Amino acid sequence: MADRVRTPVTLPYIDQLLAQLARGNAALEQSFGRHIHWGYWPDPGIAEPDRPEDYAEAAERLSLELLDLAGITPGMRVLDAGCGFGGTLACLQDRVEGLDLTGLNIDPRQLQRARQLAQPRPGSFLRFVAGDACTLPFADASFDRVLAVECIFHFPSRAAFLAEVRRVLRPGGALVISDFVPATVWVPMARMARWPALERLNLFGACDVTCSAARYRQLAAQAGLPVTTLRDITRHTLPTYAFLGRMLARGTRRGFGQSLARSGLGMLDWVGRRGLLRYSLLRFDRV
Ligand SMILES: C[S@@+](CC[C@H](N)C(=O)[O-])C[C@H]1O[C@@H](n2cnc3c(N)ncnc32)[C@H](O)[C@@H]1O
């Protein structure tokens with residue numbers, strides 16, 4: 001099946017997050033002010049869904065899991081595509097010295113916040129660039145690592161993104177991402193999330209969560225970036241849903257929008273527990 005190319009659209013959850021942060025929502029500032037992604041709990045049984053601090057630690061750990069897989073060493077040039085508020089790059093430069101870091105995002109509002117939050121460390125370079133991950137504004141062979149944390153499902157096309165990453169990676173380079181990977185049997189159901197009416201109403205906006213592991217291997221091989229690691233970490237991310245459910249219940253969104261968002265979260269929790277939609281870390285190595 002062809003990878004459908006979509007025009008990027010605005011994301012309602014990002015608009016709401018930015019509005020709440022501007023209003024000084026302390027719980028959101030703590031939980032989603034640095035990372036806009038799911039949390040990782042080594043022992044999901046001891047998560048504390050009422051504590052934003054617990055969520056913030058879990059979100060930082062998710063970045064660390066991904067960075068471990070990327071194997072970044074001093075002197076490397078790293079691109080974070082769909083970088084949000086720059087949290088993963090900030091986390092990276094806290095741990096590795098002498099890096100050349102670039103964050104790219106389609107939304108200049110997030111980049112403005114990223115520039116305020118993430119300052120370059122002495123000996124490192126850090127810049128934020130506005131652009132679309134599927135038409136990267138960078139020269140060929142200009143990065144050692146590319147990261148894309150929990151954002152590829154919003155990109156207009158995975159095939160276009162992988163081709164662009166292959167182009168900008170140096171020989172020996174690698175791409176590391178996190179994504180919701182459906183079991184093959186779930187793909188027909190996952191296609192429903194792409195119904196335009198649902199995408200317009202849905203808090204999460206346009207999301208394509210129909211790329212199975214087999215499809216990933218196919219797209220990656222075509223791009224010259226074969227998948228070398230695929231790690232299902234769903235179990236460690238599940239407390240995210242209890243936390244988000246509590247945030248929604250306390251939030252200002254009411255009525256149909258809130259019900260739809262809660263149903264969406266309930267569905268993600270349900271399919272995650274049954275292995276139908278697997279929150280996964282993937283590494284692709286350039287051949
Ligand atoms: C769930 S957030 C993840 C943000 C960040 N990676 C993190 O983990 O904190 C998804 C991000 O993808 C970005 N995004 C969506 N479509 C994009 C595109 N075509 N090119 C670049 N960034 C995009 C959004 O603006 C948003 O920052």
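**Entry 1: cavities**

I began by searching the whole structure, a predicted model, and found two cavities of 30 Å³ or more. I looked at the largest cavity, which holds about 40 Å³ of space. I wrote down its lining: F180, T234, T237, L238, Y241, L268, G272, L277 and Y279.

Which elements each supply at least two residues of that lining? I noted helix 10 (234–237), helix 12 (255–273) and strand 7 (277–285). I then sorted the lining of the largest cavity by class and got six nonpolar residues, three polar and no charged.

**Entry 2: the largest pocket**

Next I turned to the pockets. I found about 1,300 Å³ of space in the largest pocket. I listed 43 residues along its lining, and N202, L203, F204, A261 and L265 are the closest to its centre.

I checked which elements give two or more residues to this lining, and they are helix 1 (12–22), helix 2 (26–32), helix 7 (187–190), helix 11 (239–250) and helix 12. Which of the elements gives the most? I found that helix 12 does, with eight residues. Helix 12 was already in my notes as a supplier of the lining of the largest cavity.

By class, I recorded 29 nonpolar, 11 polar and three charged residues in the lining of the largest pocket.

**Entry 3: the second largest pocket**

I moved on to the second largest pocket, with a volume of about 540 Å³. I see 34 residues lining this pocket, and L11, G82, N105, C151 and H154 lie nearest its centre.

I looked for the elements that each supply at least two residues here, and I noted helix 1, helix 4 (87–93), strand 2 (100–105) and helix 5 (108–117). Helix 1 provides the largest share of the lining, three residues. Helix 1 is also among the elements I had listed for the largest pocket.

**Entry 4: the ligand**

Where does the ligand sit? I found that the space taken by the ligand is the second largest pocket. I noted 20 residues around the ligand, with I36, H37, G82, N105 and Q110 coming nearest.

I sorted the shell around the ligand into 10 nonpolar, eight polar and two charged residues.

I then looked up some atom pairs. For I36, I found a backbone N or O atom 2.7 Å from an oxygen atom of the ligand. For G82, I found a backbone N or O atom 2.7 Å from a nitrogen atom of the ligand. For A133, a polar backbone atom is 3.0 Å from a nitrogen atom of the ligand.

How much of the ligand's accessible area does the protein cover? I read 97% of the 590 Å² that the ligand has on its own.

**Entry 5: what I keep from this**

I will remember that the ligand takes the space of the second largest pocket, and that helix 12 gives the most to the lining of the largest pocket.

How values were computed. Residues numbered from 1 in each chain as written. Predicted model: local features only at pLDDT ≥ 70, side-chain atom pairs only at ≥ 80, totals over all residues. Heavy atoms only, no water. 1 Å grid on protein atoms, 1.4 Å probe; cavity = no way out; pocket = protein on both sides within 12 Å on 5 of 7 lines; lining within 4 Å. Points joined across faces, edges and corners; volume = space filled by probe spheres on them. Helix = DSSP H or I, 4+ residues; strand = E, 2+ residues; numbered from the N terminus. Nonpolar A, V, L, I, M, F, W, Y, C, P; charged D, E, K, R; others polar. Near = heavy atom within 4 Å. Polar contact = N/O pair within 3.5 Å; in protein donor to acceptor, adjacent residues only side chain to side chain. Areas by Shrake-Rupley, 256 points an atom, 1.4 Å probe, with all protein chains shown as cover. Sits in = over half its atoms within 2 Å of the grid points.
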